[in-house]
Every structure is written in C-alpha cells, then in structure tokens.
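I opened the notebook to look up a few features of this structure, one entry at a time.

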Amino acid sequence: MSGGTSIPLSENGQVVLELRRDLSRKYKLHKTKIETYWRSFNQAQRRKCIKAGAANGVVLQHPNDPSLGNVCKITPEWNLRELTEPGSDSLLDLLEFEPPRTSTISTTSPSREMMATRNLRHIEDFRGGFTLFLDEKDYGKHIRFTAGHSIRDDPQMQMLLRTRGLVPQEMGEFILTRQIYLLQSLIIVIDDILEQGSQTKANKAPKSQEATPNSALSKITPPSASRKLNLDDMISVSRNQRDSADLYLNSLSTEPVVLAHAVNFAFFSRPELVPDEKGRSLPVHTYKYISGAFFDAIHTAAARAPVLQEIANVCNLEYNRAQAHFKRHVQTATGLKFFKRFSNSHDNAGNARVGLKGDPTKLAKGDRQMQFMLRLCQTETTVSKAVEWVNKLASLHENNPIVRDELEEREYDALVDLYDIVSFIQDVTPVISMPSLSRKSGQQFITKSQELEAELSQLKQGIDLLDFALPIDNLLEPGMADGALKKLDHYIVEKTGTKLGFLYQDTIEYCLASIQRECQKELDKIKPPSQGGEAGYIPFPETDDRPEVRVQQRRQKEKTRPTQASIFEIAPTKTKLVTDELAALSLQTFKVSAATAGVFSTLFDKSQARGSVPWTSFESALAELKFSVVPKFGSVYTFYPPETVAVNKSFTVHRPHKSQIEGYLLPIFAKRLNRLYGWGEKTFVVA
C-alpha cells in the first residue's frame with residue numbers, strides 16, 4: 001500500500017462487530033418468543049415497543065419524515081408506519097437480516113443512494129480518506145493518503161474501490177452510523193417485546209398511594225457529636241450491619257428481582273460508559289459486559305461480609321470500597337459530564353480508570369449538590385473530610401429537599417452505603433480509641449483480601465452467563481436466576497478450588513487466627529516462663545502462595561468441610577431455603593386494620609407484581625402494632641417492638657429512595673421482618 005496510512009480498526013467498526021454478535025445471539029436465544037409475541041400484538045402494542053427504546057419516545061412517523069433531520073436519510077426503514085402496521089413482519093425481517101460481512105455492504109447500503117439522490121452530507125471533511133469493508137479483520141478500517149499521494153498510485157486500492165470493498169470515508173461513516181443505530185434499536189426492541197409479552201412481567205404492579213412531598217424525601221445528616229456509644233452499642237451496630245449484608249446476599253441468591261436489580265446497576269455503572277479524554281464512550285448495549293456485571297454484583301455482595309490497628313485498617317478499606325462504589329455510580333449518572341475515562345488505562349482490578357476533569361467547585365459551578373458529591377468522590381477525601389461534605393450535603397437537603405430527588409436511585413443507594421461506614425467509623429473511634437491508618441502494622445486482613453480481590457478480578461472476563469441474562473431482565477423468568485448462580489458457582493469452584501463463599505470465609509478465619517496469634521505473642525512477652533511465657537510460643541504455619549498450589553490446597557480442604565454451606569453461600573440448596581423459611585415462621589398473629597393488612601400483604605406477596613408501599617404507610621402499620629420509631633442519623637430509623645411482640649429485637653432500616661418500598665426492596669424488607677419476628681403472609685388478619 002504505497003503512500004497510504006492505515007488507521008487502526010475504527011471505534012465504530014469495533015462497535016458494529018460487537019453489536020452484530022450481540023444481536024445474533026440474543027435473537028437466537030429468544031426467536032420463538034419474539035415472533036410469537038410480535039405477531040400477537042396489536043398496532044398500539046407494537047408502537048409502544050418501538051417508541052419505548054427511542055430517546056424521548058420520538059421515532060420517524062414514515063420513511064420521509066423530516067422532523068428528525070437526517071435520520072430519515074440514514075435509517076428510513078425505522079419508522080412507525082411500516083414497522084407497526086398490523087400483519088406486517090417488517091421488524092422480524094430486519095431481525096432475520098444478517099448484515100453482510102464483505103464488500104457487498106457498500107454496494108447495497110441505502111447510504112450510497114441517499115448521498116446520490118437526497119444530498120446526504122457529513123459535517124466533517126474526509127478528503128483523502130477511505131473506509132474498508134472486507135472481512136472482520138479490516139471491517140471499518142480507515143485509510144488516509146498522505147500529501148503527494150493518491151489512490152491512483154495504489155493498484156490494490158483502485159481494485160477495491162471498483163468492487164466497492166473500499167468507499168470514500170464520508171460514505172463509510174454513514175454506513176457505520178446506520179448499522180450502529182439499527183443494531184442498537186433492534187437489540188433494545190427485543191427487550192421491550194419480551195417485557196410486554198412475558199407472562200412473568202405481564203401483570204404490572206399496582207400503583208400505590210403517593211406519599212406526601214415532606215415524607216417522600218429524607219435528609220442525610222452527619223453523626224451527632226454529642227451522641228456517645230459504649231462498646232455493647234457498637235457490637236450491636238456491627239451485628240446489625242453484618243446481618244443486613246448477610247440477608248442481602250441471601251436475597252441475591254433467592255429473589256430474582258433483587259438479582260436482576262443488582263446486575264442492572266452494575267451493568268449501567270460500568271466505567272467504560274464514561275467518555276474518555278477524546279469524548280469517546282462505548283455503547284451501552286454491548287452485551288459482552290453482562291456476564292462481568294453479574295460477577296460484580298455477586299462478588300460485591302460477598303466481599304462485604306468481613307481487632308485495634310486491624311479494625312482501623314479494615315474500616316479504612318471498607319470506606320475506600322464504599323467511596324469507589326459511590327464514585328462508580330455518580331460518574332455514570334448525574335455526574336457523567338464531570339468525569340473522563342483514561343483510554344487504555346486500568347486499575348488493579350482491571351476496571352477502566354476514571355478521574356475528575358478538574359476542581360469540583362469550578363466544574364459544577366452553581367450546583368452545590370454536585371460539588372459536594374464530587375468532593376466525596378475524590379480519593380484524597382478522607383473519612384474526616386467526608387463528614388464535612390456529608391454535613392454540607394445534609395444541610396442542603398434540609399433547606400431544599402427537592403434537590404435530593406434529582407439523584408438516581410443507584411446514586412442514592414451508594415450514598416447511603418458510603419454514609420454507613422463514615423458514621424460507623426465516627427462512632428467507633430471514641431469508644432475503642434481507634435488509632436489512625438497504618439500502612440505497616442495491622443495489615444492481615446488488608447493483605448489477604450487484596451490478594452483475593454486480585455485473584456477474582458482475573459476470572460471476571462472468562463465467565464459467560466448470557467444464556468441466562470440476555471437481556472438482564474431475563475433473570476426474572478423461571479429458572480434463569482438459579483441457573484446463572486449455579487453456573488457461576490461451578491465456574492468459581494473450577495478456577496479457584498472452592499466456592500466463593502468459602503473463599504471469603506477462609507480469609508476471615510485465617511485473619512482472625514493470625515490476630516489471635518499476635519495477641520497471644522504480646523501476652524506471652526509479659527508473662528514469666530514459669531507461667532507459659534515466650535517459651536511456649538508455637539509459630540503459625542506458613543502457606544504456599546503459588547496459584548496452582550493454593551488451588552490444590554483448597555480442593556483438598558473441600559473434601560474435609562462439614563456438610564453445611566458457607567454463611568456467604570451464593571447458590572443455597574432448596575432444602576436449606578425451605579428449612580430456613582419454616583424455622584422462621586411465627587405462630588403469633590395480629591388483628592389489624594385493612595390498611596395495615598394491605599401493607600404486610602404487599603410486603604410478603606411472592607408474585608413478581610407485588611406493588612409498592614409508601615414509607616409513611618409502613619410507619620403507620622408498625623405504629624398500629626405499637627412499635628415506637630426513633631429517627632437516628634441521616635435516613636436511618638430504628639423501630640422498637642412493644643412487649644406484645646414475641647421477639648424483643650429492634651428493626652433498623654434506611655428510608656428508601658423517594659420514600660417508596662418497591663421492586664427489589666420488597667423481598668429484602670420482608671426477609672428482614674421474617675428473620676427478626678417470624679412474620680409471614682398469615683401473620684396479619686383484618687379485624
């Protein structure tokens with residue numbers, strides 16, 4: 001190729017190839033359902049599906065509709081009249097059509113015709129540039145001839161131009177743009193067809209009574225400086241945090257709606273969705289990331305389950321995790337424009353590296369909420385500084401509560417997560433005189449957990465769960481969530497030698513044993529030999545950290561484990577689930593008003609469309625049972641039961657986003673009430 005400069009496979013060329021593979025696999029998985037549903041839909045149902053995936057629901061009315069500018073020249077066939085006409089299979093024909101993989105794409109593309117007959121032109125100047133459409137290796141590759149050279153100097157390029165395997169870059173850009181738009185539209189419409197036609201999701205959840213504006217919003221406040229806790233209080237708080245984390249992990253493995261919600265949040269908060277320094281971002285609907293998002297959702301929940309210097313370092317580790325989790329959601333939601341992704345740069349876990357574009361005060365000038373949130377995202381914001389910004393955020397929400405409603409749900413959840421650890425550290429520090437962070441001592445759990453994180457991060461790209469999670473909401477269909485969890489469980493056992501739950505449980509047990517050993521060494525130093533001093537010290541056994549040896553050791557240990565599952569199990573057996581549920585049932589019943597019975601009926605309903613419960617209604621229901629409610633810090637509330645309730649344990653929970661208990665939160669609230677008090681569907685009867 002004389003005089004030509006080859007540019008690597010273009011971003012758009014890569015995207016087309018990935019989207020093509022995604023669509024092909026997705027359509028093959030659900031072809032029968034898609035065809036059956038689409039042919040059974042009336043025109044109104046078809047229009048709803050087509051418009052659901054479009055920006056603001058706006059789609060061409062007909063092929064020549066000029067209302068969307070050049071869209072009618074690029075994808076004229078994507079219009080409501082032709083796609084939704086009763087009896088028409090135009091959409092199914094598009095799904096069946098496999099975009100050519102050779103030069104015929106440039107011969108048959110409508111882009112050529114539109115440029116010739118309807119004056120379709122690109123705003124950029126591509127003179128001297130050409131685009132190749134050969135095999136996948138060269139699909140969408142750009143060729144540019146340097147000064148003093150032209151295509152006439154290259155016989156090979158002249159031949160490709162004559163056979164339409166090479167086209168002017170302007171036309172090539174239109175061809176790629178057209179393919180991306182059509183492929184993405186087809187991928188999205190499959191989701192909408194499956195959702196509208198699915199028996200699992202066909203019955204929409206009934207709308208609940210809207211809460212009042214004042215009750216719909218809650219404020220986050222920092223821990224009160226005057227609130228002093230003793231060690232027993234801190235143990236109780238710690239156990240509550242542990243129980244909440246354990247129950248959430250259990251809900252992921254037993255409630256498809258909770259699992260689908262977590263995977264969706266992980267998928268749509270991928271760092272790759274943040275534009276890089278050149279403004280480029282990867283398309284949302286690239287399904288090669290679904291399996292990784294599923295892995296992240298399960299892995300994150302399992303990793304949360306885990307005494308003075310060690311506690312300080314572990315608290316700092318959890319703060320860093322919560323801060324990174326919060327940043328992940330802010331940078332892909334309301335704060336997207338304030339971050340940039342560094343191309344070809346990744347962190348230790350293999351995630352794309354993302355950073356702020358500048359100083360938060362200058363970036364979000366005039367938007368105080370965003371300024372405070374961006375400060376909380378900065379790695380240099382320590383726990384003590386985080387309290388300051390949380391305080392300012394709380395004051396803002398108190399004076400202007402409507403601002404908080406602008407946050408996306410996943411941002412709010414991540415903010416609550418961050419606040420939990422900040423509050424805990426602030427509370428525990430004066431109780432046990434916790435030292436500051438140390439990079440040298442008290443590193444048992446830090447070191448081991450980081451080693452495990454590094455090992456697991458290498459596995460994420462190797463798991464394929466698309467047969468169950470394509471699209472993600474397919475996890476709501478019978479057997480899909482269970483199948484995905486079992487396949488992930490088997491994959492981790494195959495690669496690491498044991499289950500994910502035992503990886504974390506063994507790490508915790510190893511670290512606790514190490515801490516006990518260090519404590520014993522210190523005690524032995526102050527004891528005389530006659531009382532079992534240093535002479536009685538037995539060294540702790542060393543371990544072989546080579547990967548192959550480590551995996552083999554785990555497999556050997558697996559043979560000697562007790563039959564019961566790990567407390568951090570991700571795929572519990574049906575027998576265990578039934579046993580746990582029966583053991584938790586209480587014989588106590590309550591005669592209540594119809595409104596209160598309706599609240600608990602919604603909570604304990606096991607159908608997919610179980611409605612929603614306003615926070616005010618939940619408070620009123622517990623008040624009718626004579627529970628007392630104490631607003632604690634931020635959005636945290638603790639409900640204390642009366643003596644008439646058999647179990648004398650308090651119930652602490654965060655008021656949810658927009659003060660609505662709905663979706664994935666319903667089974668979580670129900671499980672917590674069931675585990676604490678043994679309540680179920682038959683506990684409440686109308687008086």
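Entry 1, the model. I noted before anything else that this is a predicted model.

I looked up how helix α7, residues 110-117, lies against helix α9, residues 169-197. Their axes are 9 Å apart, and the packing angle is about 130°. The crossing of α7 past α9 is right-handed. I then listed the residues that meet. From α7 these are Pro110, Ser111, Arg112 and Met115. From α9 they are Glu170, Met171, Phe174, Ile175 and Arg178. Sorted by type, the residues of the contact of α7 with α9 give 5 nonpolar, 1 polar and 3 charged.

I turned to helix α16 (residues 368-377) and helix α17 (residues 383-399), whose axes come within 9 Å. They cross at roughly 160°. Angles over 145 degrees count as roughly antiparallel, and α16 and α17 are therefore roughly antiparallel to each other. I wrote down the crossing of α16 and α17 as left-handed. On the α16 side, the contact is made by Arg368, Gln369, Phe372, Met373, Arg375 and Leu376. On the α17 side, Ala386, Trp389, Val390, Lys392, Leu393, Leu396 and His397 take part. For the contact of α16 with α17 I recorded 8 nonpolar, 2 polar and 3 charged residues.

I looked up an open sheet of 3 strands, in the order β9-β10-β11. The pairing is antiparallel. Which strands stand at the edges? They are β9 (628-631) and β11 (651-654). Each has a single partner strand, so one side of each is left without a neighbour in the sheet. From one strand to the next, the twist averages 25°. I reminded myself that strands of a sheet pair through backbone hydrogen bonds. Here β9 and strand β10, residues 636-640, pair over 4 bridges in the antiparallel sense.

How many aromatic pairs does the structure hold? I recorded 19. One that I looked up is the pair of Phe600 and Phe684, which is stacked. The distance is 3.9 Å centre to centre, with 5° between the planes. This pair links distant parts of the chain, 84 residues apart. Phe600 is in helix α25 (residues 594-604), whereas Phe684 is in strand β13 (residues 684-686).

I checked the peptide bond from Leu470 to Pro471 and found it cis, with omega near 0°. Pro471 sits in the loop between α20 (466-469) and α21 (480-496). I also looked up Lys626, in the loop between α26 and β9. Its phi is near 70°, a positive value in a residue other than glycine.

Methods: Residues are numbered from 1 along each chain as its sequence is written. This is a predicted model: local features need pLDDT of at least 70, side-chain atom pairs count only at pLDDT 80 or more; totals for chains, interfaces and linings use all residues. Side-chain values use heavy atoms; hydrogens and water are left out. Axes are lines fitted to C-alpha atoms, for helices over the stretch in contact, and angles run from 0 to 180 degrees between N-to-C directions. Helices (H or I, at least four residues) and strands (E, at least two) are DSSP runs, numbered from the N terminus. A crossing is left-handed if the near helix is turned anticlockwise from the far one by less than a right angle, and right-handed if clockwise. Contact means heavy atoms within 4.5 Å. Ala, Val, Leu, Ile, Met, Phe, Trp, Tyr, Cys and Pro count as nonpolar, Asp, Glu, Lys and Arg as charged, and the others, Gly among them, as polar. Two strands pair if DSSP finds at least two bridges between them. Rings of Phe, Tyr and Trp (its six-membered ring) pair if their centres lie within 6.5 Å; planes under 30 degrees apart count as stacked, over 60 as edge-to-face and the rest as tilted. Angles under 35 degrees count as roughly parallel, over 145 as roughly antiparallel, 65 to 115 as roughly perpendicular and the rest as oblique.
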